[in-house]
Amino acid sequence: MKLSLLLKTTVAAVLLTATAAHADVKFGALYPFSGQLALLGDESARGLEIAVDEVNAAGGVQGEKVVLVRGDAVDNNQAIGEARRLISREKVAAIFGSYSSARSIAASQVAELSGIPYFEMGAVADEVTGRGLKFLYRTNPTAEDMGKLIVEMIVNKVAPGIGKKPEDLKIGIIHEDSSYGTSVAGHQKKYAAEAGLNVVSTQGYPASTVDMSSLVLDLKQRGVDVVLQTSYQNDSVLFLQQANEAGFKPAAIIGGGGGYSMQPTADAVGHKVIDGVLDADFTQFLVNTKYTPGLETFVEAYKKKYGEAPRSGHSLNNYVGAKILLDAINKGKGFTPDALVAAVNTIDIGEGVTAAGYGLKFGKNNQNERAKMMGMQWQDGKLVTVYPEAAAVAPMRLAK
Amino acid sequence: MDTILQLLANGLMLGGLFAIVAVGLTLIFGIVKVVNFAHGEFLMVGMYLTFLVTRMLGLHPFVAVIVVVPALFLIGALTQRLIIQPLMSARDDHIQIFATVGLSTALINLALLVFGADIANTPASGLRTPIEIGPVRVLSGQIAIFVASIALVIGLQLFLQNTAMGRAIRAVAQNRSAAQLMGINVDRIYILTFGIGAACVGVAAVLIAPLYPTSPTIGTYFVLTAFVVVVLGGLGSIPGAFVGSLVIGLIDSFAGFYIGSDMREVAVFGVFLLILILRPAGLFGKQLNLSHVSP
């Protein structure tokens with residue numbers, strides 16, 4: 001009796017390890033692959049794919065090959081549906097995603113209920129980690145990091161650059177009035193107040209506006225020195241054009257990602273008009289690679305796999321997040337949710353050693369407390385990194 | 001004082017912009033009695049056509065009018081013939097409205113498929129040059145839009161009042177059955193009117209494309225205001241749409257400066273509601289016969 005039991009368990013154990021060694025480990029890749037957000041959703045997913053390729057080439061995780069199962073989060077409802085499918089039908093060990101904050105918030109809810117880890121590597125909204133979910137981890141910088149960096153940049157670089165004391169600058173904050181613009185503007189105000197800056201006007205507007213001339217006139221008459229705009233593409237173009245045409249030339253304009261980081265915006269506005277405009281965003285490609293080791297290898301791998309240069313920094317940030325997470329999972333024991341959580345909680349990576357520059361350590365609400373944005377400037381039609389000093393490839397150009 | 005003049009100029013220019021988009025909408029509404037929710041997408045299609053013509057042939061955007069206006073006429077006429085007309089006899093008029101909503105979604109997604117979500121830039125070709133008139137500064141392209149909107153309104157009025165075709169169109173609008181009894185081919189008039197309405201938005205597209213970057217959702221930016229303007233002016237009234245546009249443009253401009261840009265829409269829609277309460281038929285509206293058959 002005892003012997004037969006022992007035999008059975010041994011056989012079962014052997015079978016189990018045998019299947020484990022042969023099987024691949026599945027992870028979900030949940031991004032908007034079609035619809036309005038497809039372009040940057042796909043760009044983000046490419047970063048994850050390159051990370052997985054590298055990990056597999058180096059022997060996989062815990063000796064097993066990583067297989068990505070795609071889920072198309074075309075809208076919030078489908079994000080939920082696809083998260084369910086990945087978890088219950090595909091039996092993925094964890095989900096990686098998701099570029100859009102709204103999709104991430106919806107889909108991570110499903111993962112939380114199923115107790116499956118959800119690794120967010122691109123959505124910036126505060127609510128993603130702000131809900132205190134147990135299985136949601138975020139590697140990328142957030143709306144708050146953006147507000148923080150912009151204020152830091154004004155105090156450390158912009159004010160001295162234009163020859164004024166930070167507290168003497170008149171700052172105007174304008175933002176599109178959905179949750180993205182409103183939350184970034186809120187953080188800008190908060191950090192500006194802490195730094196003792198003088199915010200003379202804060203104004204929201206609908207992103208679908210077709211005229212900003214009144215807003216421009218208002219900023220002009222208040223004598224605003226530094227304009228902070230958080231916006232999508234059309235409203236970025238509209239503001240920069242109308243400000244230029246109304247003869248409003250503030251000492252600095254600082255955009256918050258979105259439309260400000262995109263080449264088509266610069267082409268639409270005109271390289272002359274956008275010259276000197278600053279921008280805070282995820283790490284981009286024109287950056288000092290001493291601060292972002294591995295960036296060149298990533299770009300090469302990207303070009304080889306997709307036959308073109310990266311279309312935005314989204315791929316890079318997803319790549320860095322995924323690479324670190326998969327490396328940690330490799331060192332962990334097993335793929336159960338608890339094992340994955342335990343593995344990623346041990347991550348402790350400092351600044352200046354990843355391809356995105358920022359380090360990784362999960363803090364409160366499983367947010368990466370070392371995530372940071374960078375300051376960029378449009379110079380001669382290109383978006384070059386100018387802040388922080390260690391990552392800069394060119395000095396910030398400011399007119400006194 | 002200079003500020004007020006500048007705000008006035010901005011408001012008028014914005015009004016011209018709304019007017020040129022709204023004219024076609026109010027024409028279709030007044031005659032065919034279909035609320036065309038795909039109107040903004042017609043504008044979007046026209047803007048992409050302008051973009052393609054200017055980019056590929058290197059012509060001035062205004063020259064694109066030769067291609068865009070006939071193309072939009074065709075799209076409008078086909079929409080009426082293939083989508084609206086089969087639904088004309090439907091038991092419920094609202095079905096046509098839903099059909100145009102469907103068309104709108106289909107066109108947006110088609111544009112996403114063909115052009116992607118990125119913006120397409122029609123070269124400004126000097127239309128973004130600021131022109132200073134006294135203390136006031138406006139763009140040459142804005143003046144072109146303003147002048148064209150006036151010309152379009154007057155032209156349409158003359159056409160409807162003085163030509164045989166125009167009279168036939170008005171007859172159909174007044175009483176479809178009586179018009180049919182008088183020997184007017186009603187179906188043809190509807191197709192023609194829808195085509196003309198769409199052609200008007202084609203004119204708008206050519207003028208707007210050099211000033212605003214084109215994207216698949218650009219139509220939605222204009223169309224809500226166009227609807228407000230049409231209702232404010234009196235449904236189906238072309239001069240009404242023009243005056244309504246100027247009113248909305250001016251409110252937008254002044255409220256944006258004096259009340260704050262976040263309160264702009266509150267001011268616009270507040271005034272809109274107020275006018276509707278006081279004059280339910282709109283500024284220039286008569287009691288409209290909204291039925292397709294005789295009253």
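Contact here means heavy atoms within 4.5 Å. If you skip its neighbours within four places in sequence, A:Phe239 is in contact with A:Ile174, A:Met212, A:Val216, A:Leu219, A:Val227, A:Gln229, A:Phe248, A:Ile253 and A:Tyr260.

A quick word on the ground rules: this is a predicted model, where local features need pLDDT of at least 70 and side-chain atom pairs count only at pLDDT 80 or more, while totals for chains, interfaces and linings use all residues. Residues are numbered from 1 along each chain as its sequence is written, chains are lettered from A and ligands numbered from 1 in the order in which they are written, and side-chain values use heavy atoms, with hydrogens and water left out.

**The cores**

A nonpolar core is a set of buried Ala, Val, Leu, Ile, Met, Phe, Trp, Tyr and Cys residues joined through side-chain atoms within 4.5 Å, and buried means under 20% relative accessible area (1.4 Å probe, protein chains only). In soluble globular proteins, nonpolar side chains tend to be buried together. The largest nonpolar core has 169 residues, and A:Phe239, B:Ile20, B:Ile208 and B:Phe222 have the most contacts inside it. H1(B) gives the most to this core, 16 residues; helices like this one are DSSP runs (H or I, at least four residues), numbered from the N terminus. Domain 1 (2-141 + 291-369) and domain 2 (144-281 + 375-391) of chain A each supply at least three residues to this core, with bounds from an automatic or database domain assignment. Apart from it lies another core, of 33 residues, including A:Tyr180 and A:Leu197.

**The cavities**

Now for the gaps. A cavity is a set of points on a 1 Å grid over the protein atoms alone where a 1.4 Å probe fits but cannot get out, and its lining residues have an atom within 4 Å of a point. Grid points are joined across faces, edges and corners, and a volume is the space filled by probe spheres set on the points. The structure has 3 cavities of 30 Å³ or more.

| Cavity | Volume | Largest share of lining |
|---|---|---|
| Largest | about 130 Å³ | H1(B), 4 residues |

For sorting the linings, Ala, Val, Leu, Ile, Met, Phe, Trp, Tyr, Cys and Pro count as nonpolar, Asp, Glu, Lys and Arg as charged, and the others, Gly among them, as polar. The largest cavity's lining splits into 8 nonpolar, 3 polar and 2 charged residues, whereas the second largest cavity's has 8 nonpolar, 3 polar and no charged ones.

Terms used: On a 1 Å grid over the protein atoms alone, a cavity is a set of points where a 1.4 Å probe fits but cannot get out, and a pocket is an open set with protein on both sides within 12 Å along at least five of seven lines; lining residues have an atom within 4 Å of a point. Helices (H or I, at least four residues) and strands (E, at least two) are DSSP runs, numbered from the N terminus. Buried means under 20% relative accessible area, exposed over 50%, partly exposed in between (1.4 Å probe, protein chains only).
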